[in-house]
Amino acid sequence: MRRMSRTLITAALVTVVIGGTAGWASGTSQEAVTGAPVGTAAWRAAGLPDPERMDPAGVARFFAGLSPVRQRELARTHPTVVGNLDGAPLELRYEANARSTRGAFDGARVLAHDTRGRGQVALVYGDLAGAEHIAVIVPGSDVDTDHLRPLTEMAASLRGATGGRTAVVAWAGYTTPVGVGLDAATGRLAEAGADRLTRFTDGLAAVGAAEPSVFCHSYGSVVCGLAARDLKAKDLVVLGSPGMRAGNVNELGTSARVWAAKDPTDWIDRIPNVEVGDLGHGTDPTDPAFGARRIPAEDAAGHGGYFAPGTSSLRTFAAIAGGDVR
């Protein structure tokens, strides 16, 4: 009877979550892209160190031991590996990815590019190596290499709002959910994304880049919540969040400042903040009991309007990214 009661309760909560999404059936299941970069077999066959056995600090040490000529040779012969090795020199990664992408992402420098699945990419706006302040934007559902516009518009708005002082990375570096289906309601893709995001920020630290402020939109906030404990970031900013898989800020286990924004017209507010097994993402980060710093967003519109020019949310994001708030 006890087991049956738990099953009935879970079923009821599933029904509530489905009813709150108003689009559940539109989602399709995705397989997370993980593992070593494309081309790793040829890299290993050439006697080079296994990327899966090196952390970003180890990657940085490996390249530091090579001459500039040898570094460029590797970028030419193994561009899909070098271009995706967190911890490799930034300019070398740009060079390698320029070879493999051939100008496909005009207006940005490509720090990572993975063609597997729906495609992943990290686009850089500004001088990542020299910037005193860096922002990384982690998107939610439906973003991949063929559907980047919402993410790149966020990046452009944030960089513009900082007066160009902050380097911004549009990080489409994980397999996002498609639509509002089970993938969006569970943590499976977010767990894989958290590993990739953690490694990405470790790579920034390994090359001496500034510690970033990480902005996490929608399902991206689930990724950031799962990554928080190990993420090298000075700020975690979540917007339009369904939850971070934590009951409060302390449970995130991070020393970063945690901020949260949700506008009154965002449909995410209709998602019940439940967590049963792997279903649901827990407490609303804008709930005062969660303990995040609240960002004003009353003049933002809808789920995607937080970076709109002139909004209070964008002004606050820019102040955080630019190091203008304490």
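## Talking through a predicted model

Colleague: At what angle do helix α9 and helix α10 pack, and how far apart are their axes?

Modeller: In this predicted model, helix α9 covers residues 188–206 and helix α10 covers residues 219–227. The two pack at an angle of about 60°, and their axes are 8 Å apart.

Colleague: Which residues of α10 meet α9, and how many residues of each class does the contact have?

Modeller: On the α9 side you'll find R188, L189, A190, E191, G193, A194, L197 and T198. They meet Y219, V222, V223, C224, L226 and A227 in α10. Sorted by class, the contact has 10 nonpolar, 2 polar and 2 charged residues.

Colleague: Stepping back, what is the radius of gyration of the protein, and what would a compact globule have?

Modeller: The protein has 12 helices and 8 strands, and its C-alpha trace spans about 65 × 50 × 35 Å along the principal axes. For 326 residues, a compact globule would have a radius of gyration near 20 Å. The protein's value agrees with that, because it is 20 Å.

Colleague: Is S313 buried or exposed?

Modeller: S313 sits in helix α12, residues 312–321. Leaving out neighbours within four places in sequence, S313 contacts I295, P296, A297, D299, A300 and Y306. Buried means under 20% relative accessible area. S313 has 0% relative accessibility, so S313 counts as buried.

Colleague: And V33, is that residue buried or exposed?

Modeller: V33 lies in the loop between α1 (2–21) and α2 (40–45). Not counting residues up to four places away in sequence, V33 touches D114, R116, G117, Q120, T175 and R196. Its relative accessible area is 10%, so V33 is buried.

Colleague: How far apart are the C-alpha atoms of V33 and G87?

Modeller: Along the chain, V33 and G87 are 54 residues apart.

Key: Residues are numbered from 1 along each chain as its sequence is written. This is a predicted model: local features need pLDDT of at least 70, side-chain atom pairs count only at pLDDT 80 or more; totals for chains, interfaces and linings use all residues. Side-chain values use heavy atoms; hydrogens and water are left out. Axes are lines fitted to C-alpha atoms, for helices over the stretch in contact, and angles run from 0 to 180 degrees between N-to-C directions. Helices (H or I, at least four residues) and strands (E, at least two) are DSSP runs, numbered from the N terminus. Contact means heavy atoms within 4.5 Å. Ala, Val, Leu, Ile, Met, Phe, Trp, Tyr, Cys and Pro count as nonpolar, Asp, Glu, Lys and Arg as charged, and the others, Gly among them, as polar. The radius of gyration is taken over C-alpha atoms; the globule rule is 2.2 Å times the number of residues to the power 0.38. Buried means under 20% relative accessible area, exposed over 50%, partly exposed in between (1.4 Å probe, protein chains only).
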